[in-house]
Amino acid sequence: MILRLASPADATALADLGRRAVTAKFVHLYKPEDFATFLGQAHSDAKVASEIADHGMRIAVIEEDGALIAFCKLVLSSTLSEGYSDAARPLELKQLYTDPARIGGGLGKRLMDWALAQAALEGADEVQLTVYSENVEAQRFYHRYGFAKIADIEFWVGNHCDPEFLYARKMTSKIDGAGGSLADAAQV
């Protein structure tokens, strides 16, 4: 398995993996038209290609035998903190997703370690993310990394509003328990 930054050539496979992961976990919660709207907005090939090209984002993928099996996205300047946090340089972690058939195999841990190391390299003082209020498994995963709920927020899926939690984790040092040296973190 290789952990690396996404390239433009990954856009279609990355969008497909995102659609499959979110569908496996959440499709049962929504009307088909709301879910289709959301997938078009958040997981289209064009949307993912624009995110890969965005200098304000970093997208890590894990590849095995030529197939993408997990990924996460970092927004270097969080859009989530307004009014909820006093962080000066928050970074946003979004869409830490694993192929539905590969959940529980340590891929999420590997991506989270990378994300925290990148946050340290970027000089972030806090990492923020959102999590669905009823996604207890994801909440447990984030708690293991020191994330805590700081606010109740909303997340829209088409015309459907979900209750979400805003989580944050303060960064306290350059490595901050991310599991490696800065040199390791820089070599994706």
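1. A quick word on terms before the tour: a residue is called buried when its relative accessible area is under 20%, exposed when it is over 50%, and partly exposed in between. Please keep in mind that this is a predicted model.

2. Let me start with the aromatic rings. A pair of aromatic rings is described by the distance of the centres and the angle of the planes. The count here is nine aromatic pairs. One of them joins F38 and F155, edge-to-face, with 5.7 Å from centre to centre and 75 degrees between the planes. F38 belongs to helix α2 (residues 32-42) and F155 to strand β6 (residues 148-157), so this pair ties together parts that are 117 residues apart in sequence. The two partners fall on either side of the cut-off: F38 has a relative accessible area of 8% and is therefore buried, while F155, at 31%, counts as partly exposed.

3. A second pair worth a look is F141 with Y142, which is also edge-to-face, at 5.5 Å centre to centre and 70 degrees between the planes.

4. Now to the packing. The largest nonpolar core has 30 residues, and those touching the most other members are L93, L96, L111, M112, V127, Y142 and F147. Elements giving two or more residues to this core are β2 (57-64), β3 (67-75), β4 (90-98), α4 (107-121), β5 (126-132), α5 (136-144) and β7 (160-170). Helix α4 supplies the largest share, with eight residues.

5. Setting aside residues up to four places away in sequence, L96 touches F71, C72, G108, L111, M112, F141 and Y142. Both members of the edge-to-face pair F141 and Y142 are thus on the contact list of L96. Another core lies apart from the largest one; it has 22 residues, including L14, A21, V22 and F71.

6. At 14% relative accessibility, D99 is counted as buried. Its side chain makes a polar contact of 3.0 Å with the side chain of R20. Beyond its neighbours within four places in sequence, D99 is in contact with L17, R20 and I69.

Note on methods
Residues numbered from 1 in each chain as written. Predicted model: local features only at pLDDT ≥ 70, side-chain atom pairs only at ≥ 80, totals over all residues. Heavy atoms only, no water. Phe/Tyr/Trp six-rings, centres within 6.5 Å; stacked < 30°, edge-to-face > 60°. Helix = DSSP H or I, 4+ residues; strand = E, 2+ residues; numbered from the N terminus. Buried < 20%, exposed > 50% of the residue type's maximum accessible area, 1.4 Å probe, protein only. Core = buried A, V, L, I, M, F, W, Y, C linked by side-chain atoms within 4.5 Å. Contact = heavy atoms within 4.5 Å. Polar contact = N/O pair within 3.5 Å; in protein donor to acceptor, adjacent residues only side chain to side chain.
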